[in-house]
Amino acid sequence: MANASGLFTPVVPSGIRSRFSASVGIHRSGFWFSEGVSTRRVLCASTVEGAENISPSQSRVPRLSNRGCKLVGCGSAVPSLQISNDDLAKIVDTSDEWISVRTGIRNRRVLSGKDSLNALAVDAARKALEMAEVDPIDVDLVLLCTSTPEDLFGSAPQIQKALGCKNNPLAYDITAACSGFVLGLVSAACYIRGGGFNNVLVIGADALSRYVDWTDRGTCILFGDAAGAVLVQACDGEEDGLFAFDMHSDGDGQRHLNASIKGNEVDHALGSNGSVLGFSPKISSYSCIQMNGKEVFRFACRAVPQSIESALEKAGLSGSSIDWLLLHQANQRIIDAVASRLEMPSERVISNLSNYGNTSAASIPLALDEAVRSGKVQAGHTIAAAGFGAGLTWGSAIVRWG
Ligand code: ACO
């Protein structure tokens, strides 16, 4: 399908799904905890004095003593092709007024022509490394948070290669839709605090335009493509910049938001031989995004404030000590409802979705990068960040910038 200008031809390739479930946190004080499990200090058996006294069950979730992590660089990249609400009104029965009033979105960027999501991810990551003044050679982990990889087996190693991380750091994909970046951030902190990693690139990159039904006005108005990245670096425990987090998933809610696999039988490929093997081979593809908007809206307005309140409590902080509320950019009405519930004044709420729409795992680092580069978010500021979306998954992290 092309838009009125003929510039944009969305396609629907295969994708990848995985899962995440946990409700765990790490306190700044150095305690790892899991809901329903008593809080205890856990030390890394290989590096800590007296480690021989630690039982295997205690060392399963290791933590190196006196190690923290901090966010020291960010970057973002978006495709050049912009699609406005008026453009969309030329291909589906909608209007700029309906979209902007119901969602706050006015424009979105989408991949076109030879654009690639990997290239956006690399661009964003390079900018984050530059800001952090970290050489790619010193990166020891690349986490690519995406639900729309360009390789079903994972794109992170390709990003690692393109960046020139010549020490062959670990690189893999994390799939958790719009919660992906927050999960990546928390994973980075765990690797640094417990695994001895020093420089972790967390990239959120998604191209949901490839999975949108461009004839469905209920969904095609919402999404855009982008990439954002943050460099998370090891530091002294006293300087730790991830104060607490809270994460959840609920597979029951998957029926409200999904892009599920479809198996198309291709027994003609085997001819009559298929019956000899006793199975019908299938070539898989994924359906376009299926969403019950009202249910997702209700879920986000209920679950996100609870998650942020829970993370704040774990961090021992109140809402008034937060400088910025940075939510996944899905709908301005969701952002406003969550801010109101948390009694956050609008001037402390970061929002840029009017320009980009919902960019899934990219939305938080993209908005963070703009806020940092414009001077809004400054070193030492505390941010309550929350992601939510398909899975269903949702989670929040209380972090300090810089
Ligand atoms: N233009 C004009 N009319 C429209 C459009 C449109 N683009 N879309 C729907 N309508 C119509 C409907 O047909 C309906 O008409 P009817 O009353 O005659 O039946 C009417 O508008 C109301 O439709 P609703 O779907 O009830 O509209 P709603 O107020 O719920 O807004 C929206 C829809 C914007 C999608 C909202 O539900 C929403 O934002 N939900 C949250 C989605 C979200 O945040 N997803 C994030 C996660 S994404 C991820 O994780 C991948």
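Predicted model: local features only at pLDDT ≥ 70, side-chain atom pairs only at ≥ 80, totals over all residues.
Let me begin at the ligand, where one of its oxygen atoms lies 2.6 Å from an N or O atom in the side chain of arginine 102. Another part of the picture is threonine 94, whose side chain has an N or O atom 2.7 Å from a nitrogen atom of the ligand, and asparagine 331, where a side-chain N or O atom is 2.7 Å from a ligand oxygen. Of the 1,000 Å² of accessible area that the ligand has on its own, the protein covers 75%. There are 24 residues around the ligand, and those that come nearest are Thr94, Arg102, Cys178, Lys294 and Asn331.

Let me turn to serine 179, which sits in the loop between strand S8 (170-174) and helix H5 (180-195). Is this serine buried or exposed? Serine 179 counts as buried, because its relative accessibility is 0%. Leaving aside neighbours within four places in sequence, serine 179 is in contact with Gly387, Phe388, Gly389, Thr393 and Trp394, and with threonine 393 there is a polar contact between the two side chains, at 2.7 Å. The C-alpha atom of serine 179 is also 9.6 Å from that of alanine 362, although the two residues are 183 apart along the chain.

Finally, the aromatic rings: a search of the whole structure finds 3 aromatic pairs.

Technical notes:
Residues numbered from 1 in each chain as written. Heavy atoms only, no water. Helix = DSSP H or I, 4+ residues; strand = E, 2+ residues; numbered from the N terminus. Buried < 20%, exposed > 50% of the residue type's maximum accessible area, 1.4 Å probe, protein only. Contact = heavy atoms within 4.5 Å. Polar contact = N/O pair within 3.5 Å; in protein donor to acceptor, adjacent residues only side chain to side chain. Phe/Tyr/Trp six-rings, centres within 6.5 Å; stacked < 30°, edge-to-face > 60°. Near = heavy atom within 4 Å. Areas by Shrake-Rupley, 256 points an atom, 1.4 Å probe, with all protein chains shown as cover.
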